[in-house]
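Hello,

Please find the structure below. My notes on it follow.

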Amino acid sequence: MTLRHLLLATAAVATFSGAAQAENVLKWGANRDIGSLDPYSFGDSFTINVLNHVYEGLVRYNKDLKIEPALAESWEILDDKITWRFKLREGVTFHNGNSFTAEDVVASLARVSHETSPLKGNLPAYVSSKVVDDLTVDITLNGTYPLLLNDLTNIHIFDAEWMTENDALMPTDVGAGTEGYATYNANGTGPFIVESRQPDAKTVFVVNADWWDEPQHNLDRIELTPVNSAATRVAALLSGEISFTNDAPVQDLPRLAAAPNVEVLEGVDLRTVMIGFPFRETLTTGEPNPFVEKPVREALYKAIDLDLIQQKVMRGKSRNAGATVAPPIPGYTEALDELPGYDPEASKALLAEAGVPEGLEFEFNCLSDGLVNEEQFCQAIASMWSRIGLSPKLDVAPRAVQSPKRTNAKTDIYTLGWATLPLLDSYSPLLQIFHSKDGNAGVFNWGGWSYPELDALIDAAGSELELEARLALQTEALQMVKDEIIMIPLHQQPMAWAVTEGVSEMPLFPDAKPRLWFARMAEGS
Amino acid sequence: MDNTIPQTTPAAPKRPSRLTLLRDSDLWHSFRAHPSAIFAAALLALVALTAFLAPWITPQNPYDLAALELWNSEIPPIWEAGGQWPFVLGTDTQGRDILSAVLYGSRISLIIGFASVLLALAVGLALGLVAGYFGGWIDNVIMRVGDVLLSMPFILIAILITAIASASLPTGLKDVLAAPILIVAIAVPSWVQYARTVRASAMVEAKKEYVQAAKLIRVKPWRIMLHHILPNCLTPILVAATLNFGLAILSEATLSFLGVGMPPDQPSLGTLIRIGNQYLFSGLWWIVVFPSIQLCLIVLSVNMIGDWLRDALNPKLR
Amino acid sequence: MIAFLLKRTANAAFVMLAVALLAFVIFRFFGDPVEMMVNEQATLQDRIELRERLGLNDGFVTQYTRFVTNAVQGDFGVSYRNQQDVMVLIKERFPATFELVLVATVISLVVGIPAGVITAVYRDSRLANALQLGSIIGVSLPSFVVGILLILAFSVSLGWLPAFGRGATVDIGWWSTGLLTPSGRAALVLPAISLSTFQVTLVMRLVRAEMLETLRADYIKFARARGVPTRRVQWRHALRNCLMPVITLTGMQIGNLIAFALVTETVFQWPGMGMLFIQAVTFVDLPVMAAYLLIVSLIFVVLNTLVDITYAWVDPRLRDDSARGNG
């Protein structure tokens, strides 16, 4: 091919993918990439949150995190108490032009609750659904259940016709050795349309001019770029290469705040950071497991200097927690939030009394791409435990490597952050973490504990439709979790976003979810 | 080259006379005439000395988790406002003394670099001698394996070995074996070079009359190899080994920087730089700068010695 | 010549098969593919079925043959992490790495050759000594340290050049290039300089050594004696004589540069093959690791073979020399 041909070819096929006309382009530098364009392919909240710009649920949270109608306009519980009838919104179209009907809802619910779907736990009470008419759907549950709407905020609706055409009716099965169509194609009803995607490099969203709702944002284009390294993210913000990040490193906030072109948005996340214990008979070393004894768990709890971690590692930006849920979460009470007090001498005494051998070795499993400053607070805690005569072996690796170890009981002590999403209710951690492992319950009960009394309380709450009564049950359950020290709550982690001067509005939400359909950019920037 | 054999065969000389030989040798004179070589040697000696004396001269054992005190975190170097004794070069975000970490880290880097060169030398010399001396299928197999190794980029082999080892080992063993794994990972792709050099000279020597004669009187093959063939190719190998020592230290640092080398609780210089890199813009420059300087100084001094050695031993350039 | 050609090609094919064996062993025996594919609720029965479906119960030779056959057709399976076709992922990333390596190579020649000539011709001059010192510092600086320093200086302090990524790119068919847009070219500068530091010193040292040798050669002395201007002798005749080794070195180093680019790509978040590989390593994404190993080795082997053949073509004496090393 001669140069001339090449140039002609360039002129003919070239598609300019970074064009900066008089458009409002939000350049989003995230700390990681989304796993896929298929919101059902990973049970991963960041992926789901980003894809919420493309796909929508029947209901959604508004700016105050209250539930409001989205693809469904209204709903009622039928007389049998377990069937919910949803009236769907008229005139909604998917990005490919197909109109939104009851068929789509049924097909999407079938897909997300399928046996192989990693997200089936997000819809725990679901049994079946059926089309009543074009714009009416009935969803049947396995019993009375108060939190269906909360669940549905995060169940994204696909186009049934599109899924059938592209053989995507089932969740992606990596084992089949083929790609899933929905992994790299998307067709939702949301405010933004996926224009292109290069995994780990760039995903581009453009505004959906035909969105059913009145847009509050004025963005034309969102370019999502994963910038894994915190330092690079800061450099990119300072130099204006990105205009928004939902993960500004806490240690760099003073520097960012001092920069004339950057604004830092801070808040405290709803996510409570916890440490979990193993309840199996032996540790990974094969030694008997002392953590089944409550005094030993208490010893580890009292050995952690929460204030020091708050000041030094979290730079004063976190909130020390005594409860396993954050204050705004229904079910929380101040009594639950009482802190134990740092007392390493008491810890040593407790360990000695329980007969725990000096220098006991155990694994401490942390993520390198997980919570805010996780690697640092894990190191700090490991060093505090070393000082009461234990030998924690710190094991830090990415989530993809650690998850199998955690779920298959191949590690001892581990970290876990829980934001109660998407329920925003204390029922979420009670059911998914603290309940015994049983079907959809206790999916994150990695330590393998079982307290029948606690299970009974949680089950009772799960079928109680009366709000006050339900919350009373949940508070009682949370108190039991606290008394037994099933997990050690550390803190609610800080949340820091940063935007450059071109971005005029970027509402910060305590669930740490960017909702760019509320973002605005200064005109003419 | 042949006439140097009698000098280096261990038949005649005793230990002290070797020292005299060294003192009178061209090499020593050349060394004394090259200020850069002297400087580099002095620097390397200083680094090695402080690194190996680290447990006795540093204020803190940075590998002992119980010794770290979070209250002492992020203290700047002593000459900056807020600096504190004894943290001369400041502390990191865990309260680890940077000077101690740098010295302990240098020790790890030097040991891994040295051990991997030694291992590659041992394997390379042995296989090269065997291949060149015996020839035939043994030669073929060894050289083919070498071809395959040379057909993959050095750094790629090293990454694969460390990545696979750490993915398949349990956490407890992973920490203990981190350094040995790195030594092997760096040695595996580098023995071939020595083997090829030795093999070439072994092939030449094996055909010579004295070797044939030795064979006739049934001198054991390993004696012939060790006493006659090996000394002949030591010069180029010495130069290559010195330069590879620098390369090995760089490789270790690179692997640790990429996160497949030494773990954060027993950091080498590369690990320290990787950790410090996160704080590049937080004003905590000392966490990344001091390990970087130390690493560059070590490699620079090794390379300067290697360069001088190459020029000094290369008759063409004199 | 034909015999030599066949021999070299056969040799290259053998080497590739051996590398494929290595890649296959990594892929198959380190980490159970089934464990990495299934989600946490999968039952034992699911696992057994999947194992059967993937053909993991077949014999070693059958599996290896299948792996090689698939690999030759560019089929490396599906990435565990991205759930996408591995070959597609690599194809998307290749242009980024290739352009980076290309520019780094150009820099190494443009800077390295003149520097080498100067150090050889004006031996012991102040400039030559400075360059010599610079070259030894160049080989001693780890490329990631160079990268970090460049970012600190030119992105953060001065704000002249971007710190990460490729800038805007233009698609020509499946090839995405950053060379045609201003932001793409700006983004290329720092990574290319950081990747080329080692290579620059390599070229410079080679040119210097070759020049010193050539300048001593008889025909140069004759040329001088005949009154050809010194400068002309040095820059024309002598330099021309060293170009062949430089081209050889450049050719053989391209494979190494592609591999070493993974360090640069990590520092600058450059969306190339190397970053793909490093991420695959941290996530134990074996299909991507195996494919990357095979592809980079293939580039390496092909380049080495081409260099060997070119050499033999230029210099027939080399054709029967099997002991030549290139380590």
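What does the pLDDT of chain C average, and what percentage of the residues score at least 70? Chain C averages 82, and 90% of the residues score at least 70; pLDDT is the predictor's confidence in each residue, from 0 to 100.

This is a predicted model, in which local features need pLDDT of at least 70 and side-chain atom pairs count only at pLDDT 80 or more, while totals for chains, interfaces and linings use all residues. Residues are numbered from 1 along each chain as its sequence is written, and chains are lettered from A and ligands numbered from 1 in the order in which they are written.

Confidence

For the complex, the predictor gives an ipTM of 0.83 and a pTM of 0.84. Within chain C, confidence is highest in α5(C), at a mean of 91, and lowest in helix α2 (residues 33-37), at 63. Helices (H or I, at least four residues) and strands (E, at least two) are DSSP runs, numbered from the N terminus. Over residues 321-327 of chain C, pLDDT stays under 50. Where pLDDT is low, the predicted coordinates should not be read in detail.

Chains B and C

The contact between these chains takes 39 residues from chain B and 35 residues from chain C; two residues are in contact if their C-beta atoms, placed from the backbone, lie within 7 Å. On the side of chain B that touches chain C, α15(B) gives the largest share, nine residues. That side has 27 nonpolar, nine polar and three charged residues. Here Ala, Val, Leu, Ile, Met, Phe, Trp, Tyr, Cys and Pro count as nonpolar, Asp, Glu, Lys and Arg as charged, and the others, Gly among them, as polar.

Two helices of chain C

Helix α5 (residues 86-121) and helix α8 (residues 182-215) of chain C pack with their axes 5 Å apart, at an angle of about 35 degrees. Axes are lines fitted to C-alpha atoms, for helices over the stretch in contact, and angles run from 0 to 180 degrees between N-to-C directions. The contact of α5(C) with α8(C) has 24 nonpolar, seven polar and three charged residues.

A glycine in chain A

A:Gly190 is in the loop between α6 (181-184) and β8 (192-198) of chain A. A:Gly190 counts as buried because 26 other C-beta atoms lie within 10 Å (buried means 20 or more, exposed 12 or fewer, partly exposed in between, with C-beta atoms placed from the backbone). Leaving aside neighbours within four places in sequence, A:Gly190 has contacts including A:His53, A:Tyr55 and A:Asn208. The C-alpha atoms of A:Gly190 and A:Trp517 are separated by 9.5 Å, and these residues are 327 residues apart along the chain.

Regards
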